[in-house]
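Walk through this model one element at a time. Keep the sequence beside the coordinates as you read.

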Amino acid sequence: MRFSAMGDVAMTVPVLYALAAQNPDLRITMVTRSRFVQMYDWLPANVQAKGIDFSGNDGVIGLTKIYKELRSGNFDAVADLHDVLRSKYIRTCFAVSGVRVAVVQKGRKDKKELIGNGQTHSALTPMVERYANVFRRLGLRLDLPKNMKIDLRSENFSSIWKFAGKKEVGEKWVGVAPFAAHAQKIYPLERMQKVVSMLAEKGCKVFLFGAGPKESAAMAAWEQACPSDGQGGVVSVCGRLDGLRNEMLLMSQLDLMISMDSANMHIASIFGVPVLSVWGATHPKAGFTGYGQSRDSVMQLDLPCRPCSIYGKTPCQFGDLRCMNIEPETIAAKAWDMVVQI
C-alpha cells in the first residue's frame, strides 16, 4: 500500500519492477489511489495495480469497507509502504485476521536530525531502499539494480507523435517541470523561463510539464514567448495529452528532464531518463533523489540552513529563499552539457 503523494508512489515503481522480475511466481497487487494506477502499466505481468478512492470511504466505516474489498484477494502478506493512519488501520485489520504485515521504516528521527545540517550530516537511506527493506522483512528476494529502463519497444507512440511530432535523428528533447507541491521547492519562475529560452535557442525542443490552471497559464505564456518552429522551441504539455500514461510516454522519449524536488523527477527516472534536479529548501541527503540518478546531476547551494525541512513545507526563515539563488546560466549550461553527452 502506498496512497500518496505522486512522487512517493512513483518511487515504488522500480522496487516493484525488481521484485516482480526476481520473484516471477509472486502475485503482487499494488494498492494506491486510482489516478496513480497508470504508473504501473509497464511492470511485469505478475503485478497489478488496484485503484481506490477515499472520497466517501474515509473514517472507520469507509476504511473497513476498503479492507473487506481487499480481503477477497486472499493475500499471504501486506507491505505497508506508507505508514499513515489509513494504512495503519487497514494493515491492522489484516494482521488481526492472521496475515503477515511489514511496515516501512521512514527514519523520522534521522530526518529530523538532518534539518539544518545538510552540509555535515551523512546521507540517509534512500527511500527506494526503505521500500525494498519492507519486502525483505517478509522473506522475499529483492536486489535493486543501480538503474532501470523499462522496455517500450512494443509500445504504440502514435498519440505522442501526433502531439509532439516525430523525433528526428539528432534532435534533442528536454522536459522542464518548473513546479512543486511547495513554494520553497520552486526555482524562481522568471529565472526558469530564462533557462527554457536558452535551451530553445540552442536548438532543443523543450516540453513543459505541469498541472492545474495556474501552472497551465504560466507555461502557455512561456510557449507563446518562444514558440516551436521545428528547430527547437517550447511546447506546453499541460492538459494537452490524454492522461498520465501519455505524459509518461512522452517523458520516456526525453534526452533530459529538468525538475524540482518533485514527482516529475521520479517519473522520468522510471524510464532511465537523465534528470537535472534543482534543490532549494529540501536536500538530496534525505533520500528522495530520482532512482538511478547521478549525484553530479543535482543543482544546489551548500548553505548552513539547508534543509530547512524535509518536505519543503516550512517557509524560508530569511524570507528570500536564498537557497534558490542559482544563476539561470549555470543551470542551462549544466543541462546542455548533459544533453550533448547523450
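How many aromatic pairs does a search of the whole structure find? The search finds eight aromatic pairs. Rings of Phe, Tyr and Trp (its six-membered ring) pair if their centres lie within 6.5 Å; planes under 30 degrees apart count as stacked, over 60 as edge-to-face and the rest as tilted. One of the pairs joins Trp-42 and Phe-271: the ring centres are 5.5 Å apart and the planes lie at 75°, so this pair is edge-to-face. Trp-42 and Phe-271 sit in distant parts of the chain, 229 residues apart. Trp-42 is in the loop between β1 (28-33) and β2 (47-52). Phe-271 is in the loop between α11 and β9. Both Trp-42 and Phe-271 are buried. Here buried means under 20% relative accessible area, exposed over 50%, and partly exposed in between (1.4 Å probe, protein chains only).

Some ground rules come next. This is a predicted model, in which local features need pLDDT of at least 70 and side-chain atom pairs count only at pLDDT 80 or more, while totals for chains, interfaces and linings use all residues. Residues are numbered from 1 along each chain as its sequence is written, and side-chain values use heavy atoms, with hydrogens and water left out. Helices (H or I, at least four residues) and strands (E, at least two) are DSSP runs, numbered from the N terminus.

Trp-161 belongs to helix α7 (residues 158-164), and Trp-173 to strand β5, 12 residues apart. Trp-161 is partly exposed, with a relative accessible area of 23%. Trp-173 is buried, at 0%.

In what order do the six strands of the open sheet run? The order is β7-β6-β5-β8-β9-β10, and the pairing is parallel. Two strands pair if DSSP finds at least two bridges between them. The edge strands are β7 (233-236) and β10, and each pairs on one side only.

Strand β6 (residues 205-208) pairs with β7 over four bridges in the parallel sense. Lys-205 has Gly-233 as its bridge partner in β7.

Now move to β9. Strand β8 (residues 256-260) and β9 are parallel partners over four bridges. Met-260 is bridged to Val-278 in β9. Together, β8, helix α11 (residues 263-270) and β9 make a right-handed β-α-β unit. Right-handed means that, with the strands pointing away from the viewer, the path from the first strand over the helix to the second runs clockwise. With strand β10 (residues 298-299), β9 pairs in the parallel sense over two bridges. There the bridge partner of Ser-277 is Val-298.

Are the faces of β9 (residues 275-278) buried or exposed? In a regular strand the side chains alternate between the two faces of the sheet. Val-275 and Ser-277 on one side are buried, and so are Leu-276 and Val-278 on the other.

The 13 residues of α8 should span 18 Å at 1.5 Å a residue, and its end C-alpha atoms are 18 Å apart, which agrees. The expected span is 1.5 Å times one less than the number of residues. In α8, Met-192, Val-195, Val-196, Leu-199 and Ala-200 are buried. They fall within an arc of 130° seen down the axis, so they line one face of the helix. The arc is that of the directions from the helix axis to the C-beta atoms. Glu-190 and Glu-201, on the other side of α8, are exposed. The buried residues of α8 pack against β5, β6, α9 (213-225), β7, β8 and α12. Contact means heavy atoms within 4.5 Å. Just after α8, Gly-203 takes a positive phi of about 100°.
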